[in-house]
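The points are grouped by topic.

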Amino acid sequence: VKEGDGMMSIESLPDEILLQVFENLDGDGLEQASIVSKSWNEMTKLEYLWQSLSIDRFRFCRKDETLSWKAYYISEVRKCPTRDVNRILILSNDDLTQDSTLTLASSDPHDQTTLIASGQTLAQPTWSPRGDMAFFCQDDRLIKIMRLHSKEMVLEIPVVSGEDAFYVSWSPDNTRIVYLASHQMRTIACRSIDLLEKNPTSHIIDVGAPYYFAWDPSGKHNLLVHCRNGLYLMMLHGSEPTRIPIATPTLAQFAAPSWVGDEIYYAIRSTRNVCTLVAAKISFPWEYERLLETSEKDLRFMLKSRKIDDFQVEDKDDMIQLLIEYWRNNVDLENAREIFDTPGQGMEFLVSSDASKVAVMGSSRTITIIDRAGKRDTLGDEKVVSFFWSPNSRDLLLLGYLGVGRVSVHVYNTLKKESYCVIEGYTLDQTLCFSYLPYFSQFAHSVSLYFSPDGLEFAYCEGGDVYVCGTAKGSAPRRKKIASGNLAIWSWC
């Protein structure tokens, strides 16, 4: 870039722009930028940049207080083991003794590792997004987190009596867990565990009924919440969350919201007997949020670079409040559009991971797929129990209703516009039937109940055994038994 024609050199770019560039560099990139100039060197030393890299790379960070985040990142960068892919957590329950076994497996029947042996009752196994850890509940008394590579138990938290965890979701950056639990007066408690705390504990961050939520996919600690009070954004930082109302319409029943990319999806009851699916963009400056718990020096720098008046502000809490106020004034829904209407008071929907398509099930329990252009594809008249997108957003797996506790499995290929039967019928295991499928649109955000990460296989349980099938039309073998178990949860990677 030349200066002589009224343009500026890279070195003279405003700090705000440079900082946005640095926020998107990896460790090697920051190291290279640090030798360009003295000012760049100072900027690349900002703690929050290395803190963000450490959290993204190493997840469950346990930094010594004497180390800077940059030193921590450099010391840990060689310690990450290579991750396996396409792994499955298998939960086996003994109906007589109520004992459970948790096994780590793959689609190879000979590849199995016992993580937890019988002798206790386990529930809610949930993979971390990066596949390095697993969450589960033990005997309704303890929440545990295990590092799978070493089978090391890294965290144990007592469960509040009477508050059974029934929906668990990791934040996209692996640093926080939010789960729902039964609470007083038939309400639901939303609890959070911050894994970056020195001694992580479980805190109630919200209460409501019904209660559904979705994580901000960018990795920031924000939740999109749908409950009786309306639709709102809950920003998790510090001791108390900040709630920002987004919409206060009458929301549809049993419709978990979704957040994909920069768009949110939610269902409202536009009239007494009609539900409408709405999509909109959330617009506000996300990038400051990781600074909410950083040093005063870094906060001051960011306030100035964003031209936020910090005159006579000395206290760190006041700096944070200035940022929050800035955020509140810059939150808005853009390009809100109605996608689909269906008769009744509720609907369930799932957005494909690439946000190119939405699958919707109304009161008729039939499926309609809507693409970004608004084109609709109705998949026949078969009654569906639940449905799941493949990770590559190409296939939709459908569980067709055959009677109480019995379903068929079809796969619909959205590219070829064809549906084919994979399993003519099987009996659902009770764990899946009663604990997961009634809330499948919410669980789809946190666990992969059927599809493998590469989308080439799916797993299911019948009669106390776990089977794996290929998803391609005519794939062989059609099914193979890989282990005994009552619940199979695929890793995300």
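Glu-31 and Lys-70 form a salt bridge in which the closest N and O atoms are 3.1 Å apart; a salt bridge is a side-chain nitrogen of Lys or Arg within 4 Å of a carboxyl oxygen of Asp or Glu. The pair links distant parts of the chain, with Glu-31 in helix H2 (residues 27–33) and Lys-70 in helix H5 (residues 69–76), 39 residues apart. Helices (H or I, at least four residues) and strands (E, at least two) are DSSP runs, numbered from the N terminus. The model is predicted: local features need pLDDT of at least 70, side-chain atom pairs count only at pLDDT 80 or more, and totals for chains, interfaces and linings use all residues. Residues are numbered from 1 along each chain as its sequence is written, and side-chain values use heavy atoms, with hydrogens and water left out.

**Salt bridges**

- By this rule the count comes to 13 salt bridges.
- Glu-31 is partly exposed at 34% relative accessibility, and Lys-70 is also partly exposed, with a relative accessible area of 24%. Here buried means under 20% relative accessible area, exposed over 50%, and partly exposed in between (1.4 Å probe, protein chains only).
- A salt bridge also joins Arg-372 to Glu-263, with the closest N and O atoms 2.6 Å apart. Arg-372 lies in the loop between strand S22 (367–371) and strand S23 (376–378), and Glu-263 lies in strand S17 (residues 263–271), so the pair ties together parts that are 109 residues apart in sequence.
- Of these two partners, Arg-372 is partly exposed, with a relative accessible area of 46%, whereas Glu-263 counts as buried at 4% relative accessibility.
- Glu-263 and Arg-372 also belong, with Arg-337, to a network of salt bridges.
- Arg-394 and Asp-395 meet through their side chains in a salt bridge (2.7 Å, N to O). Asp-395 counts as buried at 0% relative accessibility, while Arg-394 is partly exposed, with a relative accessible area of 27%.

**Helix H1**

- Leu-18, Leu-19 and Phe-22 are buried in helix H1 (residues 15–22).
- Seen down the axis of H1, the buried residues fall within an arc of 100 degrees, so they line one face of the helix. The arc is that of the directions from the helix axis to the C-beta atoms.
- An α-helix has 3.6 residues a turn, so residues three or four places apart point the same way.

- Strand S6 (residues 142–147) and strand S7 (residues 152–158) run antiparallel and are joined by 6 bridges. Two strands pair if DSSP finds at least two bridges between them.
- Met-146 has Met-153 in S7 as its bridge partner.
- S6 and S7 form a hairpin with 4 residues between them, and Lys-151 in the turn has a positive phi of about 60 degrees.

**Backbone features in loops**

- Most residues other than glycine have a negative phi, and most peptide bonds are trans.
- The peptide bond from Ala-209 to Pro-210 is cis, with omega near -10 degrees. Pro-210 is found in the loop between strand S11 (202–208) and strand S12 (211–215).
- Ala-355 has a positive phi, near 60 degrees, and is placed in the loop between strand S20 (348–351) and strand S21 (357–361). Ala-355 counts as buried at 14% relative accessibility.
- Ser-393 has a positive phi as well, near 65 degrees. Its place is in the loop between strand S24 (384–389) and strand S25 (395–403), and Ser-393 is buried, with a relative accessible area of 2%.

**The cavity**

- The structure holds 1 cavity of 30 Å³ or more. On a 1 Å grid over the protein atoms alone, a cavity is a set of points where a 1.4 Å probe fits but cannot get out, and lining residues have an atom within 4 Å of a point.
- About 60 Å³ of space lies in the largest cavity, where a volume is the space filled by probe spheres set on the points.
- The lining of the largest cavity includes Leu-432, Tyr-450, Cys-461 and Asn-486.
- Strand S28 (457–462) and strand S31 (487–490) each supply at least two residues of this lining, and the largest share, 3 residues, comes from S28.
- The lining residues divide into 8 nonpolar, 1 polar and no charged. Ala, Val, Leu, Ile, Met, Phe, Trp, Tyr, Cys and Pro count as nonpolar, Asp, Glu, Lys and Arg as charged, and the others, Gly among them, as polar.

How values were computed: On a 1 Å grid over the protein atoms alone, a cavity is a set of points where a 1.4 Å probe fits but cannot get out, and a pocket is an open set with protein on both sides within 12 Å along at least five of seven lines; lining residues have an atom within 4 Å of a point.
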